[in-house]
Amino acid sequence: MQTDPRGPRLAAALSSIVLAVVLRTGNCPLLAAQTLVLALGAFGGLRLAPYVRLVQALVLPRLAPPSATMDERPLRFDQGVLMVFAAVGTLGYCADVDWLGVLAGSAALATAFVNAAFGYCVGCELYPLVRRAQGRLTAGA
């Protein structure tokens, strides 16, 4: 499925804001909620990703049509990468292992921020490498 890449990029900006608040406050329930938001995008697709849907409903209709679209699969993989960082951070904060929450939350923030600010999608760059490695594992089995 093809999608307008501006939606996930703006959604990454929203995630960056939430993650920055989490790092400032150490709020475990807020990071857990952010993890759920990312899980919906990773496992359910961008059509179920709350921030992407919000951007698609409120922002994208006011913009010109996209000059190009992109495959949704790398974006879903990126949501999964962020979700893993956020889940580990949630475990850290909820278990009072604040250093783990800060470390994993910072990794999630960095990943989301570079997407929002510079259009560099870390998960999108990793996706072809993982797919290639899966092919080699399958072919070698």
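Student: Hi! Can we start with V59: what is its relative accessible area?
Tutor: For V59 the value is 32%, so this residue counts as partly exposed. Buried means under 20% relative accessible area, exposed means over 50%, and partly exposed is in between, using a 1.4 Å probe and protein chains only. Residues are numbered from 1 along each chain as its sequence is written, and side-chain values use heavy atoms, with hydrogens and water left out. The model is predicted, so local features need pLDDT of at least 70 and side-chain atom pairs count only at pLDDT 80 or more, while totals for chains, interfaces and linings use all residues.

Student: Where does V59 lie?
Tutor: V59 is in the loop between α3 (50-58) and β2 (70-71). Those names come from DSSP runs numbered from the N terminus: helices are H or I with at least four residues, strands are E with at least two.

Student: And which residues does V59 touch?
Tutor: Not counting residues up to four places away in sequence, V59 touches L10 and L54. Contact here means heavy atoms within 4.5 Å. V59 and L10 are 49 residues apart in sequence, yet their C-alpha atoms are 9.1 Å apart in space.

Student: New topic: at what angle do α1 and α2 cross?
Tutor: Two packed helices are described by the angle between their axes and the distance between the axes. For α1 (residues 6-25) and α2 (residues 28-44), the axes cross at roughly 155° and come within 9 Å. That makes α1 roughly antiparallel to α2. Axes are lines fitted to C-alpha atoms, for helices over the stretch in contact, with angles from 0 to 180 degrees between N-to-C directions. Under 35 degrees counts as roughly parallel, over 145 as roughly antiparallel, 65 to 115 as roughly perpendicular, and the rest as oblique.

Student: Which residues meet there?
Tutor: From α1 there are S15, V18, L19, V21 and V22, and they meet L30, L31, Q34 and L38 of α2. The residues of this contact divide into 7 nonpolar, 2 polar and no charged. Nonpolar covers Ala, Val, Leu, Ile, Met, Phe, Trp, Tyr, Cys and Pro; charged covers Asp, Glu, Lys and Arg; the others, Gly among them, are polar.

Student: What about Q79: which residues is it in contact with?
Tutor: Leaving aside neighbours within four places in sequence, Q79 is in contact with V37, L38, G41, A42, L46 and A49. Q79 lies in helix α4 (residues 72-94), and its relative accessible area of 11% makes it buried.

Student: And N115, where is that?
Tutor: N115 is in helix α5 (residues 98-118). At 7% relative accessibility, N115 is buried. Its contacts, not counting residues up to four places away in sequence, are R9, A12, D78, Y120 and C121.

Student: Last one: what is the phi of D96?
Tutor: D96 has a positive phi of about 60° although it is not a glycine. Most residues other than glycine have a negative phi. D96 lies in the loop between α4 and α5, and at 67% relative accessible area D96 is exposed.
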